[in-house]
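Hi,

Here is the structure I promised to pass on. Have a look at it first, and then read my notes below.

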Amino acid sequence: MGHGAPSLLHRVLLRLYPRDFRRQVGEQILAFWTTQRLETRYGTPGIGALRYWFDVARDAMGNGLRLRRDPRRAQALGLELLDGGLSPAPLERLSFPGALDLFLQDVRFARRSLLRQPLFTSVAVITLAVGIGATTAVFSIVDTVLYRPLPYTQPDELVLLGRADGDQLDGLALPEVEGLAELQVFASTAPAVSYGTDIQWSEYAEVMNGASVGHQFTDVLGIEPILGRGFAPDEDLPGAAPVVMITERLWREHFAASPDAIGDVMSIENVSHTVVGVVRNDLDFPEAGVEFWTTFRDAALIRRLDLNPDQRGLTFFGSVARLRDGASVASAQAEVDALFERLQAEEPVNDMVPRGLVQSMHEATVGGSRTGLLLFLGAVALVFVIACANVAGLWLSRVSGRGAEMALRTALGAGRRRIVTQLLTESLLLAGAGCAAGIGLAMALQRGILAIVPTSIPRVDAAGLDGRVLLFAAALATLAALAFGVAPALRATGRDRSDVLRESSRSVAAASTNAQRMLVVGQIAIAVVLLAGAGLFANSYSRLLQVDPGARSAGVVLATFSPTLEGDNTDAIRGFYAGLLPRLDAVPGVAGTAMTYSPIMGTSNFRQSIQHETMPEDDNLWAGNVIVSPNYFEISGVSLLRGRGFTEEDTLATPHVVIVNEVLAEEMWPGEDALGKRFRWARGMSGSMDSFEREFFPRDYMTVVGVAGNVRRRGLDQEPIAEFYRPHAQMSWPSMTVVLATEGNNPNLAEDIRAAAADIDPMVPMSAVRSLEEGVQASVAEPRFRVLLVGGFALVACALSMLGIYAVMALTVNRQTHSIGIRMALGAEGSAVRRQVVVDGMRLAAVGVTLGLGGALWLSRTVAAMLYQVEPTDPPTFVGVALLTLLVAGAACYVPARRASRLDPVAALRTD
Amino acid sequence: MSPRTVLPLPATSFHILLALMDGPAHGYGIKHVVEERTEGRIRLAAGTLYEAMQRLARQGMVEDAPAPDDFDGSGRVRFYSITELGATELRTELARLEQDVAFARARIPAER
């Protein structure tokens, strides 16, 4: 006997036996258990271990607890039970489930006891449900986004590579992609570039997000296609037959979920691609929303531009890599740094010398959301603490009101531990009810939060209430039960209770009231912290909404068209738009149409390096290049400050003209008039230039004919950047967004626009018709989300703490009935009594507010980066929050105060 | 302690004493023998067994015994042997059971 060492669990279970018994035969039992493990019936893999531990646990719980709880048995063995065992209780029938029986008996008693006070119980359960529900809902989202592993094999080995733009990943040039693939620190790498491109289905065409990826990408990510296969290496060579992998969604929608889809074709930019594989929808590689993958060498973007990517000027590639065993992000970064130094020596990049960046894929995906999400979790945790404090306050008064009951039970022989267990069972039962209601609330709340969550937070769709979240809720409930249950239980049993039977309960109650007052101060302090946070966010949000984006958004709708450029025939592109715009103009409800490549709040943006006449050859500036139609300024509301706009006379046949914005004018020619000045592209494309390239990247100088107002293109909180406008007639980019100013109310606007476009060519892909106003709203979705969430939490916290101060003042008045009666009998006015109660309550509130303001000031630094033009210590916000809290607290105190002032002195004096 | 105060023996004790009639054994050994002899009808858990052993020891029916020479397990494992009193008790119990059985047989004819 005695094979193998007893485990920790063995020792924990052994502790269920009374100490004396353990001392006598504890070692023997451990040896017995370890030998028992060798029995053949426990040998079945998996289930055997379960069966074994079940038997051992049953042994320990049944026999151990029975010995503890049955004094006669214990006596027969000469055991001394320090806690006096169980009494009074019917002991004979306690067999194995004895412990369970006893527990159930406690639960039944607790249930009866709680149901006797339905008001207390329902208030407590609702409060707990709010605390647990809100915390669980936020936790489920935070957990999903931040802590779930990415849906790839061993995702912690995956890193994304790029050029460094601060700590953000930026695009790589192809020679860099190839250099990275050869680094020893990576087990494998795959380049990737995603873009929107047009897909021709049989009836219509649409723009869809796809990606060109290295054939290795399925191996690097460690994913298996659900149908078909990944790419073969020889499919990723120039001139190979085009192949494509698609998402399950695309497969279901366009290939009827048929196995025959493999080998079928899909037309991407009018090129037939053979479908070789289907992958699951949540692949999200290299970013969310990508629906199909072609091989890297097939990159439609490269084909469309007809450019030679093998130089360091074109930087829009990304790369994913799997770290070799034992390699870290830091060691990879060191090798990447060395590579970039080598490349810089071989083929120098003259403007900003690029640096490489290695970022764990998880960090790159969710890192940007971390601070915000943890902020929400912190805020909701404060609500949870307030809820617990509230219930603790209620619980204290309830337990102290049961002093006589406790004393009676003690007198009848119940041990202290027994009573504490009973009280804890009650608090656990209460917390359990709160937890159940809270989980229901969490489901609703989670749905509500997901409905307003900004799309910038990744992976949020996967949030649900799974086992992990439920476990979290249960843990919260246990924590809550201990938080509000233990102290009162110990306090209730802590003294010699015989005094309680004799005395009035007044003196005993005073102690618990003090504890409740402290709880109230804490609650108010926390509520002030949340209110201050909400106030700062609301303040910042309202300032953001007042920002003028520099362009009109009211009543403006957008639709993007993507005609395919055949060869270098830009005439066809100009012809298409020349036909389209008048047709759209004729649609009912449309007041005017213009077009641009880069609508505000959109992502389309050319950035080009340019140099003006007096700049040295190797110097340049970066600026955004916005292609527009002549009437763009008039329709979009972008102001033209000086000079002229574009006209129909600005064509390929006339000199290149350009309109610069104020930022660029100031950067290029500080203090001078920009009109009539000239600049050109810093570098033309290498090699022979065909007419397409000559049109898009001319070496000729462009003359500034106008200066336009600044536009906050990327969001209301983003400072305007240097930009210049070019007429579409001189730079006929195929894909353009039509800007339509609308008037009146045409309910079929979108269909009418679509019909007008189809009238020219149904096979030209058109995006959904979208409202620019909604786009502006979406650009402030994150700050709005913060205001709603933190504001909601702050209101709940405020309401709970006001409930707290109300309850404690009502209780105080109740307990002081006698003394108030004396004062009034001696001639005190009702108003004086009222004032006394309110002042008493406000003193608590004032302490809470002071503590809360201190805490809020201390914490405000953490949100500084999320505020727009509001200091984290914004005095008006803090003063406002303090006054508001005091006001509401005064109102909460007034109700019990009024009751006190209306007491009948005679009746009051008669009360105990 | 007179036999009157401990009889009738609980089934657990009866089987434990019976097992020890073969010679000294440790706790798990007793469990093993009892389980085999009763064809699994009585499967003793550690707590049940040691509670019974402690009671039997206090009643003077079993006592600690040295480990046999061929035992290769841990030196801490305790061996038990049955005492004179224990053996007497067992025999008395057996006689009582035989009487009861004979009495019962006489009243209830065996099924054919």
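Before anything else, one term you will need: a residue is called buried if 20 or more other C-beta atoms lie within 10 Å of its own. Also keep in mind that this is a predicted model.

With that in hand, take a look at strand S17 of chain A, residues 657–661. Five of its five residues are buried, so by the cut-off of 20 or more C-beta atoms within 10 Å the strand is mostly covered. What about its two faces? Val657(A), Ile659(A) and Asn661(A) sit on one side, Val658(A) and Val660(A) sit on the other, and all of them are buried, leaving both faces covered.

S17(A) has strand partners too. It runs parallel to strand S19 (residues 702–708) of chain A, and five bridges join the two. Strand S20 (residues 723–727) of chain A is antiparallel to S17(A), with two bridges between them. There, Val660(A) is found opposite Phe724(A).

Now zoom out to chain A as a whole. It has 28 helices and 22 strands, and its C-alpha atoms fill a box of roughly 110 × 85 × 55 Å along the principal axes. Of its 912 residues, 42% count as buried. Among the contacts in chain A with a separation of 6 or more, 83% are between residues 24 or more positions apart.

Next, over to chain B. Two packed helices are described by the angle between their axes and the distance between the axes. For helix H2 (residues 11–20) and helix H3 (residues 27–37) of chain B, the angle is about 105 degrees and the axes are 9 Å apart. H2(B) and H3(B) are therefore roughly perpendicular to each other. Which residues meet there? From H2(B) come His15(B), Ile16(B), Ala19(B) and Leu20(B), and from H3(B) come Ile30(B), Val33(B) and Val34(B). Sorted by type, the residues of this contact are six nonpolar, one polar and no charged.

Last, the place where the chains touch: 21 residues of chain A are in contact with 18 residues of chain B. On the chain A side, the elements that give two or more residues are helix H2 (19–36) and helix H3 (47–69) of chain A. H2(A) provides the largest share, ten residues. That side of chain A divides into eleven nonpolar, eight polar and two charged residues.

Happy browsing!

Key:
Residues numbered from 1 in each chain as written. Chains lettered and ligands numbered in written order. Predicted model: local features only at pLDDT ≥ 70, side-chain atom pairs only at ≥ 80, totals over all residues. Helix = DSSP H or I, 4+ residues; strand = E, 2+ residues; numbered from the N terminus. Buried ≥ 20, exposed ≤ 12 C-beta atoms within 10 Å, placed from the backbone. Contact = placed C-beta atoms within 7 Å. Pairing = 2+ DSSP bridges. Axes fitted to C-alpha atoms, helices over the stretch in contact; angles between N-to-C directions. Parallel < 35°, antiparallel > 145°, perpendicular 65-115°, else oblique. Nonpolar A, V, L, I, M, F, W, Y, C, P; charged D, E, K, R; others polar.
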